[in-house]
Amino acid sequence: MDGFVPLNHYLLLSATLFVIGVLGVLLRRNVIVVFMSIEIMLNAVNISLIAFDHYLNNSDGQVFSFMVMCVAAAEVSVGLAIIISMFRNKPTVNLDEFNILKW
Amino acid sequence: MIDGIFQFIDENTYLLLGIIKAVVIASALLGVVPLLVWLERRLMGRFQVRLGPNRVGPYGLGQPISDSIKLLFKESIIQNSADKFLFHLAPVVVVFTAIVSFAVIPMTGPFELFGEKMGLWASNINSGILFVFAISGMGIYGMVLAGLSSNNKYSLMGGLRSSAQMISYELTLGLAALCVIVHTGSLNLVDMVERQNSWPNALNLLNPPLMIAFVLFFIAGIAETNRAPFDLPEAEQELVAGFHTEYTGMKFAMFFMGEYINMVTMSALITLMFLGGWNTYILPDWAIIGFVAFAFKVSFLLCVFIWLRSTFPRIRYDRLMTFGWKFLLPIAIVNLFLEAAIRVI
Amino acid sequence: MELLIFYPLAGFCVLMGLGVIISSSPINSALSLIAMMMGLAGVFVLQQAHFLAILQIIVYAGAIMVLFMFVIMLLNLKSAEEDTWSIRPQNTYVSVLTGFLALGALYKIACVISQAKLDSPAAVPDDFGTVVRVGTTLFTDFVLPFEVASILLLAAMVGAVVLAKNKID
């Protein structure tokens, strides 16, 4: 039991999770679930950054994923504030109902 | 067959030792809870000029045991409108996170046993204090889930309050801890204690910026463990019992266990970070004496927790938030700058 | 050992990821996402990125997901009133088609990355992934991005306060 996982399995995990995130954004209509799918995509990117880091003995990828976490935190705080103020305007979380700008 | 077992043990000593340590520490922690309940009730009795439980066993020591037997045999009621899975999950999360976060708390200095170097901790990871914060942060979900799944407006209010309160006070807690981290130059709890073992910088508490950090950490710690005067999530007069209104029997007891274990963890953290951990400074530094000193400091802090509970009235919710964000947090930030400036000079 | 831990963990992460987009109530989605993030923290530990693993738990699972839970509680989105897959008939076909395209892309990616030649990790120093190592990189090579990130966070904070305070009308 001393084998190593080859790099491409980590990358495959990352790609799979990314695609799951994309599917969530495309297929779900609940704002909050769509938002969570975006988080899945960001997490998926982090996996491959950190995997490359470990396989190439470098620390830059970890710093990048740190930045990704910063961006995710900023995005979530603003995004959820937007969702709450939208909800105040129109009590629904279905994305298709927010179509005032389209007629 | 026997040889095979010995070989297995030889190859996996590390793993087995870890498992044994984990089991010992977890069961010790669970054993402390009834004692703590007894201590709290006795002390509260004294503070309020009455006797407290004194009927079962000597000094009422049998009271927590009979209480837990009663709770075990109580019927577990789940109302129809509850979300069953989440309802069962919530107390599990609370107790699990409480026990796991104790894993990195060192209780005495490293010592030798049977020629093997050991320490009285489940694991000594590099960023121990961050681990404690990470896992105890997970504990919020127990309360949030309890509030959500009960389908009861009081529970929901309790859950909302607890999540808002714990997020707010976690910032102060983290910034106060950061002062100690800057002072020590390490995230490891053992390093933090060993930094305090000689007289010039003994007891982080005596260092001016760290003194403020100690007060901040203590206040935020009380708020994090949902103890009075910050027990807004379960304020009896307003919310019946907050997030655990609908829980009965053993599941209710599990919330209590989680709360008490969190109290122990918080006291242990304060002891390690500010009060010199297992250092006694006068007595010889044997592991046993270190452990006794550590236990003494922790139980002193626990008594202070109980003392505060019976002394202060509960703070109003909006005042709690204002206090956290507009008073504690700015002080914590300025204090961190001060500490950093002193370190640089 | 790594093999023994990685594959169950990866399977768990994928399952939980699927749980996020399949489950009909937002609470279950959020819980699956939390579980996925814990699993990913485990994956990070396998790759020696200990600091990042703990950050993942503190920032993602501990802060971001609590915000999600808070909003779910605030809007009281318990009931699964939303009929997940068929709520907008005119767009469903397009969405499903795009979904299939995404799956096709995944297959293509899998084909490409299976040619990667890195079978075992590089020999890393002992302090790889610790706070000291990551912090040193962060404050030497990446000072400017770090400062920009702090400004970004400040802007987000101010934005969130303004948005949550004013009623849009």
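Among contacts in chain B between residues at least 6 apart in sequence, what percentage join residues at least 24 apart? The figure is 76%, where two residues count as in contact if their C-beta atoms, placed from the backbone, lie within 7 Å.

1. Basis of the note. This is a predicted model, in which local features need pLDDT of at least 70, side-chain atom pairs count only at pLDDT 80 or more, and totals for chains, interfaces and linings use all residues. Residues are numbered from 1 along each chain as its sequence is written, while chains are lettered from A and ligands numbered from 1 in the order in which they are written.

2. Chain B, overall. Chain B holds 12 helices and two strands; helices (H or I, at least four residues) and strands (E, at least two) are DSSP runs, numbered from the N terminus. The order along the sequence is α-α-α-α-β-β-α-α-α-α-α-α-α-α. The C-alpha trace of chain B spans about 65 × 55 × 40 Å along its principal axes. Buried residues account for 45% of the 345 residues in chain B. A residue is buried if 20 or more other C-beta atoms lie within 10 Å of its own, exposed if 12 or fewer, and partly exposed in between, with C-beta atoms placed from the backbone.

3. Helix H2 of chain B. This helix covers residues 13-47, has 35 residues and reaches 49 Å from its first C-alpha to its last, close to the expected 51 Å at 1.5 Å a residue. The expected span is 1.5 Å times one less than the number of residues in the helix. The buried residues of H2(B) are Val32(B), Val33(B), Leu36(B), Trp38(B) and Glu40(B). Their cover includes helix H3 (63-73), helix H10 (249-274) and helix H11 (287-311) of chain B. Just after H2(B), Val49(B) has a positive phi of about 55 degrees.

4. Chain C, overall. Chain C has six helices and zero strands, in the order α-α-α-α-α-α from the N terminus. Of its 169 residues, 34% are buried. Among contacts in chain C between residues at least 6 apart in sequence, 57% join residues at least 24 apart. Chain C is divided into domain 1 (1-78) and domain 2 (130-169), with bounds from an automatic or database domain assignment. The C-alpha centres of domain 1 and domain 2 of chain C lie 22 Å apart.

5. Contact between chains A and C. Of the two pairs of chains in contact, chains A and C share the most contacts. Their contact takes 76 residues from chain C and 66 residues from chain A. On the side of chain C that touches chain A, H3(C) gives the largest share, 12 residues. By class, this side has 57 nonpolar, 13 polar and six charged residues. Ala, Val, Leu, Ile, Met, Phe, Trp, Tyr, Cys and Pro count as nonpolar, Asp, Glu, Lys and Arg as charged, and the others, Gly among them, as polar.

6. Cys70 of chain A. Cys70(A) sits in helix H3 (residues 60-89) of chain A. Why is Cys70(A) partly exposed? Cys70(A) is classed so because it has 19 other C-beta atoms within 10 Å. Leaving aside neighbours within four places in sequence, Cys70(A) is in contact with Ala149(C), Leu152(C) and Leu153(C).

7. Contact between chains B and C. This contact takes 16 residues from chain C and 20 residues from chain B. Helix H2 (26-46) and helix H3 (50-75) of chain C are the elements that give two or more residues to the side of chain C that touches chain B. H3(C) gives the most to that side, with 12 residues. The class counts for the side of chain C that touches chain B are 13 nonpolar, three polar and no charged residues. Chain A and chain B do not touch, and their nearest C-alpha atoms are 13 Å apart.

8. Nonpolar core. The largest nonpolar core has 172 residues, and those with the most contacts inside it are Ala176(B), Ala30(C) and Met65(C). Such a core is a set of buried Ala, Val, Leu, Ile, Met, Phe, Trp, Tyr and Cys residues joined through C-beta atoms within 7 Å. H3(C) supplies the largest share of this core, 19 residues. Not counting residues up to four places away in sequence, Met65(C) touches Ala30(C), Leu33(C), Ile34(C) and Tyr60(C).
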